[in-house]
Amino acid sequence: MKRCKKCEKGKRAGSQRYEIELGRRAFEGEVRGWRCRVCGERYYHGPDLEHFEKLVARWLAENGFDTGAEFKFMRKAAGIRAADLAEWMGVTPETVSHWETGKHPSDVTTRALLAAIVLDALGGKTAMRDRLGAQRSPARRKRIRVAA
Ligand SMILES: [Zn+2]
């Protein structure tokens, strides 16, 4: 039986309510975890938390978002490094940082791109980043045979 790390006494297993606040929105759900009977400290099952964060990122990608905090949350929940995102989008890491801090808010097109990249990443795909790569360096061939 695991002990509470804070008071080193009791534990209570079960599911715990979990909430993520992102500016004016709050996402709530239940994840496996336990709450110390003695001091009230809560512990959450890591993989459940990760899954919950991915569900939130998917919701934002599908329903729209507009704050830097949401932008950063989605990028991180999808396991994307800021430097990689900057490279795929053809901007500097500093620009990504400005979008995420709100110093220079991102525009609709940028957010739609992030949404597509995040949905791909959550599904283990790279379609949008591949399209961005192709647009950054188009094929130089002049004659291309396509199958009829
Ligand atoms: Zn405790």
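The sections below take up the basis of the model, the chain as a whole, the metal site and the salt bridges.

## Basis of the model

The model is predicted, so that local features need pLDDT of at least 70 and side-chain atom pairs count only at pLDDT 80 or more, whereas totals for chains, interfaces and linings use all residues. Residues are numbered from 1 along each chain as its sequence is written, and side-chain values use heavy atoms, with hydrogens and water left out.

## Overall fold

The protein chain contains three strands and six helices, where helices (H or I, at least four residues) and strands (E, at least two) are DSSP runs numbered from the N terminus. Read from the N terminus, the order of the elements is β-β-β-α-α-α-α-α-α. The chain is more spread out than a compact globule, because its radius of gyration is 20 Å, well over the 15 Å that the globule rule gives for 148 residues; the radius is taken over C-alpha atoms, and the rule is 2.2 Å times the number of residues to the power 0.38. Along the principal axes, the C-alpha atoms fill a box of roughly 75 × 40 × 25 Å.

Of the 148 residues, 34% are buried, a class defined by under 20% relative accessible area, with exposed meaning over 50% and partly exposed the range in between (1.4 Å probe, protein chains only). Among contacts (heavy atoms within 4.5 Å) between residues at least 6 apart in sequence, 51% join residues at least 24 apart.

## The zinc site

The protein donors of the zinc ion are the SG atoms of Cys4, Cys7, Cys36 and Cys39, at 2.2 to 2.3 Å from it; donors are N, O and S atoms within 2.8 Å of the metal (3.2 Å for Na, K and Ca), and water is not among the atoms, so sites may look incomplete. Along the chain these donors follow the spacing C-x2-C-x28-C-x2-C. Cys4 lies in the segment before strand S1 (13-22) and Cys36 in the loop between strand S2 (25-35) and strand S3 (42-44), so this pair ties together parts that are 32 residues apart in sequence. Both Cys4 and Cys36 are buried.

Why is the arrangement of the four donor atoms tetrahedral? The angles that they subtend around the zinc ion are 101 to 116°, and four donors count as tetrahedral if all angles lie between 85 and 135 degrees.

## Salt bridges

The structure holds 10 salt bridges, each being a side-chain nitrogen of Lys or Arg within 4 Å of a carboxyl oxygen of Asp or Glu. One of them joins Arg25 and Glu70 at 2.9 Å, N to O, and links distant parts of the chain, with Arg25 in strand S2 and Glu70 in helix H2 (residues 68-77), 45 residues apart. Glu70 is buried, with a relative accessible area of 1%.

Another pairs Asp48 with Arg32, whose closest N and O atoms are 2.9 Å apart; Asp48 lies in helix H1 (residues 46-63) and Arg32 in strand S2, so the pair ties together parts that are 16 residues apart in sequence. Asp48 is buried at a relative accessible area of 17%, whereas Arg32 is partly exposed at 48%. Within helix H1, Glu62 and Arg58 lie four residues apart, about one turn of the helix, and their side chains meet in a salt bridge of 3.6 Å, N to O. A network of salt bridges links Arg17, Glu19 and Glu28.

Definitions and conventions
Tetrahedral: all angles 85-135°; square planar, octahedral: opposite > 155°, others 65-115°.
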